[in-house]
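Have the viewer open and follow along.

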Amino acid sequence: MDINDKKAFLGFQQGELNAVMMYKKFAQITKNPEYKAAYLEAAKDEGRHAAIMGKYTGETLQPKALQANVLGVLYRILPKKIVHFGVSKGEYMGGNGYRPYVGDKYPEIEGVMNDEYRHGNIFKSL
């Protein structure tokens, strides 16, 4: 893995770890069982994505709790439609970020990218 790819994958890895914590926080807060199930499923997928990135980077990173806590506060005060719109945009952007790395060099990235788009569609529909 060249230095530019490693730098990108470290960013992906951190983003996936942060997303795990964010989705778990949302699941903890919500009273809506449909939302809770979607958040927990996304958290599970994001954890798997972080593990894939860790395999490529060889690094162990930690999620940033501050980000999840701030987003948890916003989750409590903003209308859920706005939260889900923002989350879906983030998922689509994440999918787009992976697109240049899809191919034989990083065979698992296409599945990660497709999960991100699927998450975007799920949160957009909530």
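**Exercise 1.** Is tyrosine 98 buried or exposed?

*Solution.* This is a predicted model, where local features need pLDDT of at least 70, side-chain atom pairs count only at pLDDT 80 or more, and totals for chains, interfaces and linings use all residues. Residues are numbered from 1 along each chain as its sequence is written, and side-chain values use heavy atoms, with hydrogens and water left out. Buried means under 20% relative accessible area, exposed over 50%, and partly exposed in between (1.4 Å probe, protein chains only). Tyrosine 98 has a relative accessible area of 2%, so tyrosine 98 is buried.

**Exercise 2.** Classify the pair of phenylalanine 12 and tyrosine 98.

*Solution.* Start with the rule: rings of Phe, Tyr and Trp (its six-membered ring) pair if their centres lie within 6.5 Å; planes under 30 degrees apart count as stacked, over 60 as edge-to-face and the rest as tilted. The count by this rule is 16 aromatic pairs. For phenylalanine 12 and tyrosine 98, the centres are 4.3 Å apart with 50° between the planes, a tilted pair. Next, check burial: phenylalanine 12 is buried, at a relative accessible area of 16%.

**Exercise 3.** Now classify tyrosine 23 and phenylalanine 123.

*Solution.* Their ring centres lie 5.2 Å apart and their planes meet at 10°, so the pair is stacked. Both tyrosine 23 and phenylalanine 123 are buried.

**Exercise 4.** Which residues do ring pairs link into a cluster?

*Solution.* The cluster consists of Phe9, Phe12, Tyr56, Tyr98, Tyr101 and Tyr106.
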